[in-house]
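I opened a new structure today and kept notes as I went. The entries follow in the order in which I looked things up.

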Amino acid sequence: MKLVQTKDAVGHVLCHDLTQIIPGVCKDAAFRKGHVVTKEDIPVLLSMGKEHLYIWEKNENMLHENDGAHILCDLCKNEHMRQSEVKEGKIELFAECDGLFLVDKKRLDQINGLGEMIIASRHGDFPVRKGDKLAGMRVIPLLIEEEKMNRAKEAAKGGPLFTLKPFLKMSAGIVTTGSEVFYGRIPDAFTGVVEEKLSEYGVEIVGKELSDDDPKRTAEAIFRLLQKGARLIVCTGGMSVDPDDRTPAAIRMAAKDVVTYGVPALPGAMFMLAYAKNKVPIMGLPGCVMYAKRTIFDLVLPRVLAGERPVRESLLKMGEGGLCLSCPSCVFPNCGFGK
């Protein structure tokens, strides 16, 4: 620290808070530790009785906390994020559009491991809405070595730590399976649920097909929807191991590549994901999607709608956190399901 006359403090960094007392009006810090004194501040400081100030001695090898926060922010954000003003060494990032938030966890951990700086974010691989807070970052001390910030830049090479991928304009087709529905023995209670889920993301429904339990007819229904221009196919029901549940066989007939049949998530263990020849995703939804508030469908759908192509290995890692607790008041995605 260095003691200087207030009139000579312009451009220097305060070492401590300075409290202003106005009887009957306020008693609060008028200037916070870390504040860079401006010319306009001088009359205010003098009116507070501050003829002298403790300031940090300048060192060309040290950076102010605000400068460090800006560096961290530049390492984190992509073009679909808005940053806040820096306040007391902290900057926050917010979503500028609806989309899928992705985190490069390995590089994030490397930077946090450097010490004296932190970046904290929400979980990746989850949907966010415009205006949602995504992350915050700051430097811990008031001043930090420039060399340490250069190490952070080196660790962050390769692009932003965070990515916000806008949801694509998607068209979908729905195939409802089951002889009980096909022959009118029971009403279809599944299609409406799927339509509601898709509408959350603005997905257009280009066609709906109804099929019995014959895999060939179900596959033909899938092909008809593909010809109508569907960029996503959702098949409902018939996903268990019962003799009459033959939707997986139909999906295999229509698909070029099957990613997985079965995921370590509850509800939704019998979920199926495959891709047709033209790379259109085909999802087989188990019956739980019809009645459970949130299921595996809610975890995979946003990734697909953002243009991601989930691989089997990533889906099989869902075991930890893959149990929905069916809370009385659902706050998904702000909960532990899928994390």
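Entry 1. I looked up Arg-32 and found it in the loop between strand 3 (26-31) and helix 1 (41-47). Helices (H or I, at least four residues) and strands (E, at least two) are DSSP runs, numbered from the N terminus. This is a predicted model, in which local features need pLDDT of at least 70 and side-chain atom pairs count only at pLDDT 80 or more, while totals for chains, interfaces and linings use all residues. Residues are numbered from 1 along each chain as its sequence is written, and side-chain values use heavy atoms, with hydrogens and water left out.

Buried means under 20% relative accessible area, exposed over 50%, and partly exposed in between (1.4 Å probe, protein chains only). Not counting residues up to four places away in sequence, Arg-32 touches Leu-14, His-16, Asp-17 and Glu-88; contact means heavy atoms within 4.5 Å. For Leu-14 I noted 18 residues of sequence separation from Arg-32 and a C-alpha to C-alpha distance of 7.5 Å.

Entry 2. I went on to two other loop residues. Thr-6 lies between strand 1 (2-5) and strand 2 (18-22). Thr-6 counts as buried because its relative accessibility is 0%. Leaving out residues up to four places away, Thr-6 touches Ile-42, Leu-45, Leu-46, Lys-50, Glu-51, His-52 and Leu-53.

Ser-84 sits in the loop between strand 6 (81-83) and strand 7 (90-95). At 18% relative accessibility, Ser-84 also counts as buried. Beyond its neighbours within four places, Ser-84 is in contact with Ile-91, Glu-92 and Phe-94.

Entry 3. I then looked up the nonpolar cores (sets of buried Ala, Val, Leu, Ile, Met, Phe, Trp, Tyr and Cys residues joined through side-chain atoms within 4.5 Å). The largest has 36 residues, and Leu-198, Leu-232, Met-283 and Leu-285 have the most contacts inside it. Among the elements that give two or more residues to this core are strand 14 (171-177), helix 6 (191-199), strand 19 (281-285) and helix 10 (296-305). Which helix gives the most to this core? Helix 10 does, with seven residues.

Setting aside neighbours within four places, I listed the contacts of Leu-285, including Phe-190, Val-194, Val-234, Met-239, Phe-271 and Phe-297. A second, separate core has 31 residues, among them Cys-76, Ala-135, Ala-156 and Leu-164.

Entry 4. I returned to helix 10. Ten of its ten residues are buried, so helix 10 is largely enclosed by the rest of the structure. The buried residues of helix 10 include Asp-298 and Arg-303. Gly-307, which follows helix 10, has a positive phi, near 90 degrees.

Entry 5. Last, I noted values for the whole chain. I counted eleven helices and 19 strands. Of the 339 residues, 45% are buried. The radius of gyration (taken over C-alpha atoms) is 28 Å, whereas a compact globule of 339 residues would have one near 20 Å; the globule rule is 2.2 Å times the number of residues to the power 0.38. The C-alpha trace spans about 90 × 45 × 35 Å along its principal axes. Among contacts with a separation of 6 or more, 66% join residues 24 or more positions apart.
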